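The sequence and model are shown first.

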Amino acid sequence: MSLDRLLDRWRADPETGPHVAAWVSLPPRPADLRPFPSDLPPALAEALRARGVERLYSHQVEAWEAARAGENVALATGTASGKTLAYNLPVLSALLEDESGRALYLFPTKALAQDQLSTLARFHVQTFERANVPASIYDGDTPQRDRKSIRERARIVLTNPDMLHTGILPHHTNWEEFFRHLRFVVIDEMHTYRGVFGSHVANVLRRLKRVAGFYGAAPQFLLTSATIGNPRQLAERLIEAPVRLIDRDGSGRGPRHFLLYNPPVVDEALGLRKSALMESVRLSEQIHAEGLQQVVFARSRRSVEMILKYLQTPTLHPPPFSQKMGEGWRGGIRGYRSGYLPSQRREIEKGLRDGSVRTVVATNSLELGIDIGGLEVALLVGYPGTVASARQQAGRAGRGSAPAAAVLVASASPIDQYLVRHPDYLFDRSPEQALINPDHLLILLAHLRCAMFELPFARGEKFGALDVDEFLEFLVANREAHRSQEKYYWMADSYPAADISLRSASPETFVLQTADGGGRTVGIVDGESALWMAHPGAVYLHEAQAYLVESLDLEQKSARLRPFDGDYFTEPLKQTTIQVLSVGQVETLATRNSPLATHSKGWGELQVTTQVVGFRKLRWYSRETLGEEPLDLPPTDLQTTGYWLSISDATVERLSREGLWTNAPNDYGPGWPRLRDAVRARDGYRCQVCGKPEGARQHDVHHKIPFRMFRDEAGRILREKANDPANLVTLCPECHRQAETNVRVRSGLAGLAYVLGNLAPLFLMCDPGDLGTHIEPVKSAAFPQPTVVLYDLVPAGIGFSQSLYEMHDDLLARALELVSACACEDGCPSCVGPGGENGLGGKHETIALLKSLVSP
C-alpha cells in the first residue's frame, strides 16, 4: 500500500529517518459489531442498509439502549467512531413514533451545523412513512423570510448556543409548539464548552430547561465529546443531571502510526534546527506525491497560508523530488481556516469527502467533527498546546480498518523540544480536563437577568440546582427587577441577552475586497485581527493567492486589496504594555523566616494595550529581512482586571547573592563595544549561519554558551570566560532570534509565571485561554518591582483577579508543592516550563523564589 511504501521510504531516507525521535505503532483493532436493536424502527433500518450499514458498533447500541431507557447520555469515543449516528438513531426513532416530537441540536460552530444537516439529509428523513421529520438550521445566517416557517415546521432545529441565547429563548412565545413537544437536546462537541464560554453555556442550558419546563417538557440530553480527562464531570456540570458515560469505543481501527519528527540541526555550535514549517512542506510534498489524502494542521492562519503558498508554488523553494512528478501533481491542494467565505469552506469539505481535494492545510477549525472523509495522514506543524488537541488532530487521519499515520513536526519552541526528549509525556499522559464554573457570580447574575426577562421567578424557585432568592433580591435592590405577590419580574427597558456575549471574540467583521471596479469579496477577518492581518502594506494571503493591502477603513470595516506577485511576505511588529488604572487592594507580605517584606500582592483595574507599530518584509523561503516600515494605527485596548505579585528588593538582592536571580540585564563589561566590533570584523560582517551581509543595521554578536551559565561557586559571573572570542559569533537578527530561543534560560520569575498560569485555571475552574500572563522582569512605570501579572481576557473582567488575590497564599503553596514534587531535572511543561534545547529550565531558581515567598 502507498502509506506503507511512504513509511518505509522515511525509515530509509537519511534526511528523514534519523530525525524521527519517536515512532509509536498501534496494531489494528477489530470492530465490536452488534445486530440492529430489535426495537429499531424498520424505516431507520432500511435507511441504514441503503447506506451499507448492516450492524452497529457496540457503543452505538449501548447509547441506543440508554437513550431508549430515558437516560441522559455522554458519548466519549474516538474520532470517526460514529458518534453522530449514535445520537441520530434514538432521536429519529422517537420523532417517528411521536409525530409531534421535536429535537434541538446544539453545535459550537455554524460550519458544524451545516455539516450535520447534510448528514441528516443523507438519511432521507422526510421520506419516512409514518411521519415527516423536517430538519432546519436556525442561526444568524438564516434569512428572516424563512424563520417563521422553520419555527412552525421544523422538528429538528440545528443551532448554536449564541443563537439559542439571543434569538430563541428570549422569544420563546414564538416557539411555543416546539418547546411544548421538545423531546431531545443534543449537545455535540461538548469539550469545546469550557472556561468562561462553557460557564455561559451551562447557564443558557439552565434557561432552556426552565423555558421547556414552563411548556410542560423535560427534554432528554445526549452529549458527545472528544477525548478529555473528565467527560462525565463536564456533562453533569453542563446539564445539572446524572449522565450515563459511554467511553468504550467499539469501532474498528486499522494500523496507526504516530511519529515525532525533529528537524535536523543546521548549526551544531548554536543548536539551530531547520524550520519546522519548511520541513513540514517537504514531508507534505512527499505525502501528496504518493497520492495519499492528508490534513496539515498549522498553529495560525498565517502559517496555513505560507504552507499553502509553498505547496502550490514550487518556484518559491527547491522541491525535494517533485520535479520528476510531472505537471499537475500539485492539484487538489487547498487551505481551510476562519476568514474563508462559507461557500469556499463547503466546497473544500465536499472535495475532501469526494476525494478531489487531496491535501488540506488547516487551523484547528478542522479539529471538530466536520465530516471530511477518511484521510490517511495528519501532519501537525508544531505541538498544538494540549495533549487533548494533539490527539484530536492526529485522530483526523484514519477511518475504519484502513491504515493511517500522524506526524508531529517539532518546532524550535522549548515545549516542542521537551516532547521530543520525553515522548512519553505526549503518549502516556492523561488528557487535560475541561473545567467550568456556572455559579460564578457575574456570569450567574447576567443569566438570571436573561431568565427573568423570559419568565418571572417565583419566590423559592431554583435556577438549575441553585437557590437564587438572594440574587433576585439584589436585582430588586438594583432596580432591575420588581417583586410582586411572591414573584420577581424584569422591569428594566433593556433586552439583557443582547448585552451578554457568550464568547470573548470580537463580534466585528471586516470585509476584504479587491480594489478593482468589481470589488470582489476575497474573504473576511474579525475585528481583532484586522489591524495585524490587513493593515496598509500587508501581504494578505488567501488560498495561497497573495494580495497587497492598499487601504484599511476602520469606520466602514473594510479593506481594499490588489493581487500581488512580489517575492516577499510581511509580518506585523506589535507592542504590548500594561497600565494600572486603579488599585482594588494591595498588601505587603513577609514570611515567618524573614523580618523584611518578601513580596506584595495586589489586584485592580488594568489597561492592556496592544498596538501594531510597523511591519517587516521577509523574502520567501530564506526569510531574509528586506526592510521594515512604520505604521500609524490605533491601539487596541483591553480594559480588564488583573492580579499581580511583585518581588521585593530585599528578596531580589538575596537571590542575586546566591546566584539564583537571572532577570537583570546582562552586564558584558566596559570592553564589550570594542570586542563586539572585533568579532564582527573577524566574521567578515556576515551572519555565520545564513551568510547574509550587514546592511543598514549592524548584525548581533551572540554568546554560543549563554553568558549567565559562566558562574563561580559563589554565583558570580565569570565575564572573561563568557566573553572569550571563541564563544562569540556574528548573527543576523533573524538567526539571532532563533538562537536565543534555542538557548533560552528560564528565570525564576518566568518559571513562577508559568506555574501560576497553569495552576490558576484549576483554582478558578476556568480555561487557560481565559487568562493572560505578563512578566515585568525589571522596574517599570506600572510596577516598581519585578512582577508577574495574571489578568482576565474578558473586557471589564469577570472577577478572576480578585479571586486570585484572595487565594494568593494557597496558590503559592500549591505552586511550591507542584514544582518541588515534579520528577523532572530542570523544568518541564508540567511545572516551570522547559528552557531552550541548549539552555536551562529555571526549576531551581523558581523553587528558591517560591521558598522565599511561602511561609514554612
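## Second largest cavity

The second largest cavity has a volume of about 60 Å³. A cavity is a set of points, on a 1 Å grid over the protein atoms alone, where a 1.4 Å probe fits but cannot get out; lining residues have an atom within 4 Å of a point. Its lining consists of A63, A67, V73, L75, A86, Y87, P90, L222, L223 and T224. Two or more of these residues come from each of α3 (58-68), β4 (73-75), α4 and β9 (220-224); helices (H or I, at least four residues) and strands (E, at least two) are DSSP runs numbered from the N terminus. The lining has nine nonpolar, one polar and no charged residues.

## Basis

This is a predicted model, in which local features need pLDDT of at least 70, side-chain atom pairs count only at pLDDT 80 or more, and totals for chains, interfaces and linings use all residues. Residues are numbered from 1 along each chain as its sequence is written, and side-chain values use heavy atoms, without hydrogens and water.

## Largest cavity

The largest cavity has a volume of about 80 Å³. R301, R302, E305, R337, M533, V539, Y540 and L541 form its lining, with two or more residues each from α12 (301-312) and β26 (539-542). By class, the lining holds four nonpolar, no polar and four charged residues.

## Contacts of L756

Not counting residues up to four places away in sequence, L756 touches (heavy atoms within 4.5 Å) L645, P761, L790, L811, L812 and A815.

Definitions and conventions
On a 1 Å grid over the protein atoms alone, a cavity is a set of points where a 1.4 Å probe fits but cannot get out, and a pocket is an open set with protein on both sides within 12 Å along at least five of seven lines; lining residues have an atom within 4 Å of a point. Grid points are joined across faces, edges and corners, and a volume is the space filled by probe spheres set on the points. Ala, Val, Leu, Ile, Met, Phe, Trp, Tyr, Cys and Pro count as nonpolar, Asp, Glu, Lys and Arg as charged, and the others, Gly among them, as polar.
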